[in-house]
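Please open the model in your viewer and keep a selection panel at hand. The stops below go from the whole chain to single residues.

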Amino acid sequence: MKFSKLYAPTTKDAPKDATLPSHQFLVRGGFISQVGSGLYNFLPMGKIVFDKIKAVVKEEMDKTGAQEIQMGVVTPAELWKQSGRYSVFGKELCRLKDRKDNEFVLGPTHEEVVVDIVRNRINSYKQLPLHLYQITTKFRDEARPRFGLLRGREFTMKDGYSFHEDEACMKKEFALMEETYTKIFTRLGLDFRAVDADSGAIGGSGSKEFMVLAQNGEDDIVVCSSCHYAANIEAAKRAPKMSSIEAPQADLAKFKTPDMKTIDDVCNFLHVDSFYSIKAVVKKAVYIDKEEIVVFFVRGCDELQEVKALNACGAIDLVDAELEEIEKVGLKAGFIGPLGLECVKFYIDFELKEAKNLVCGANEVDYHWVGVSMFNFKEERYADLCEVKAGDSCACCGKELYITKGIEVGHIFQLGQKYAKAMGATFLDKNGKAQPFYMGCYGVGVSRLVAVMIEASHDEQGCIWNKQTAPYLLDIIISNTKDDAQKAYAESIYATLKSEKYEILLDDRAERFGFKIKDYELLGFPYALIVGKELEEGFVEIVERKTLEKIVVKKEEALTKLRELLA
RNA sequence: CGGGGCGUAGCGCAGCCUGGUAGCGCACCUGGUUUGGGACCAGGGGGUCGAAGGUUCGAAUCCUUUCGCCCCGACCA
C-alpha cells in the first residue's frame, strides 16, 4: 500500500476527551473514528487490525471443532421473556418496537437465540455435544460508555455456546475453552491471567475471566504472590482473617455507648480492636416484584463486597438505603446488630461463624453488646460477603495476596441447565427420558482487544504493534520524494517485498522527513526502512519500533536483512 | 441513574458577563522556497454559532425548552 493512497487521517493532537493511550492513539492514528457516544467506525487500518485479531480467534475456535454461525442482531423479545431475562436485564438491554408494535431487543448476548436454534432440532444425546459460535456485533446500552473501544455500546464479541448431555461433558468443554483462550491470548502476545469470577447476569455456576494485566484496567484482580491463585475481587476468597491482638474478655452485657454510631467510635470507646467488632451494612435489595431492606454483617475491619452481597440475597440490584427507609423497618442506624434482629432479612459473613468475644449493635439507640458469640444462627444466614484486601492471606497457600488492575478480554461460563430449563429445551437421554441440555458459554471481546493491544504495548510516541496484529509489518520512508534515487530505490524494495506477499507500506507522501517519521512512530509498525541522504554513500537505515533503535545497512543488503526481520 | 462541564469552520479554542460587521491556531486549496525529527513566505476557500421557541429595532451573547457530547461516581458478561 502506498501511504499517499491510504485513508489514515493522522493528527498531531489527541481529542480532548481521550484519556487513555489506546483511545488517543487509535483516534490520532486514524484507526477509528467516533460517530456517537460509545459508537465507533473502523477506518482502513483499524479494520486490518480488527480482522487479524478476529482471524486468530476464529482459527483457534475452529481447531476445537466449534462451528461458526451468525445470529441476528435484532431478536424477538419473546425469547427473552421465556428465559426471564427480559425483566432481569437492566437498561443495558436496548428494547425496540417494529411498525406493528411487536417488541424486539438488540442482542447484548445470545443465549436465548442459540437455545432457540437448537431447541427441537437436537433431539437425542447422540447429537451431542455441539458447540456453535459467532463473531458479531453486540449492543449494550451502557450507562456510561468510555475509554474508546474499551467500553463502547456497540462492540464485536466472539460468543460461543456449547450443549451437553451431562455436567461432566460440559466441564470438559469448559476446560478445552480455558486452554483455547490461553492459546488465543498467548498468540496475541498479551500478559494475562485466567481468574475466578462472578457470573453476573449470565448466570450459571463456575466462571472464569481472562484478564489482561494493565494499569488502566477497570477491574480489580486479586493475585497471590506465591501460588497461581487469581480472582476478580468480586469473587476473590482468602484464608479466614486472624488477629494477633488479644480478644477482649467479657461476659455478654449491654453497654451504653451514647452517640457512638461508627465502628471507630465504638471500638475506641470500648478499647476493642475493630477485628472484634461487627459492622452492619444496610442495603435496599431490588427484586423483580418488590424492594426490601437487607442487612449484611461483616467484621468491623472488613468491607462489604457488593457483588457477593447481591449473590447472597439473590436480588437483581442492591442500592443504598435511605435513612428514612432504614428507620421505617425498625432499625436503629448506628446500633444494628445480629443478636435478636427480627425485623429484616440479614446475612452474616461466614468468617464470623462461631466467632467469640465480639462487639455489636444492640438494636437499641445508644447501646452495644459486648462479649457476643456467634452461635445459634441458621446456616443459611452465612455467606461470603467481605471484600478481600491487599495483604490478606491466600486461601490456597497462605501467602500474601496483592491487588492489580486488569482488562477483561474473555469470560467463560458453566451455565448448567439454567437456560435450557427456562426455555424448555430438552433432548432424549440414553433411557429415552427428556433432559434439559447442560450448556456452557464463552466470550471474547474482539473489538475491545484492538484497544487492549495498544494498552499493553505503546510508548509516548504511539502504538507498538507486534507482528501478529500490525496493520503493516514495514513502513518504507522516502525521506525526500524529490530525490529520484531515493524514490527509485524505495520503490524497488517495495515492489520486491510486495511480490513476496509481505504486508508493507510505502510512505511516498511529499512531506518532510520529520512529519513521516512521527507518523511512523504514532502508527507503530514493527519496522521502518528509511531511505534518505546516506543512500548516496550506499547506506539505508532500518528502525525497530519497539526500541526505536536504528541500524545502518548497505543498500544491497537491506532486502536480505528485511526478509529476515519480517519472517 | 446522581453530581458537574461543554456544544461557535474538519480539529483545538476565543468571543457571551456588559446584545450591534463571527475571530484565532492547526488542517485544507493555489503559487513559490524548503526537504533527516510534525518547515517558511504570499494569497485563498470554508461556519444555519447544537436545535426550537421567546424578549428586543437588533441575539453566538439574555430567558425557556430540548437534543447531543464529555468528566467524576453508581452501574457494567
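Begin by colouring chain A by its domain assignment, which gives domain 1 (21-71 + 108-233 + 402-455), domain 2 (253-383) and domain 3 (474-566), the bounds coming from an automatic or database assignment. With domains 2 and 3 selected, the distance between their C-alpha centres is 68 Å.

This is a predicted model, in which local features need pLDDT of at least 70 and side-chain atom pairs count only at pLDDT 80 or more, while totals for chains, interfaces and linings use all residues. Residues are numbered from 1 along each chain as its sequence is written, and chains are lettered from A and ligands numbered from 1 in the order in which they are written. Chain A has a mean pLDDT (the predictor's confidence in each residue, from 0 to 100) of 93, with 99% of its residues at 70 or more, and the model scores ipTM 0.93 and pTM 0.92.

**A sheet of three strands**

Next select β13, β19 and β18, which in that order form an open sheet of 3 strands with antiparallel pairing; strands are DSSP runs (E, at least two residues) and helices likewise (H or I, at least four), numbered from the N terminus, and two strands pair if DSSP finds at least two bridges between them. Because β13 (253-256) and β18 (358-361) are the edge strands with a single partner each, one side of each has no neighbour in the sheet. Between β13 and β19 (residues 367-372) there are 4 bridges, and lysine 256 can be found opposite tyrosine 367.

**The largest nonpolar core**

Which residues touch the most other members of the largest nonpolar core? Among its 106 residues they are Ile476, Phe525 and Leu529, where a core is a set of buried Ala, Val, Leu, Ile, Met, Phe, Trp, Tyr and Cys residues joined through C-beta atoms within 7 Å, and buried means 20 or more other C-beta atoms within 10 Å of the residue's own, with C-beta atoms placed from the backbone. Helix α11 (residues 446-456) gives the largest share, 8 residues. Domain 1 and domain 3 both contribute residues, so this core lies between them.

**Helix α13**

Finally, select α13 (residues 513-523), where Lys516, Ile517, Asp519, Tyr520, Glu521 and Leu523 are buried. The buried residues of α13 pack against β25 (474-478), β26 (504-507) and β27 (527-531), and just after the helix glycine 524 has a positive phi of about 75°.

Note on methods. Buried ≥ 20, exposed ≤ 12 C-beta atoms within 10 Å, placed from the backbone. Contact = placed C-beta atoms within 7 Å.
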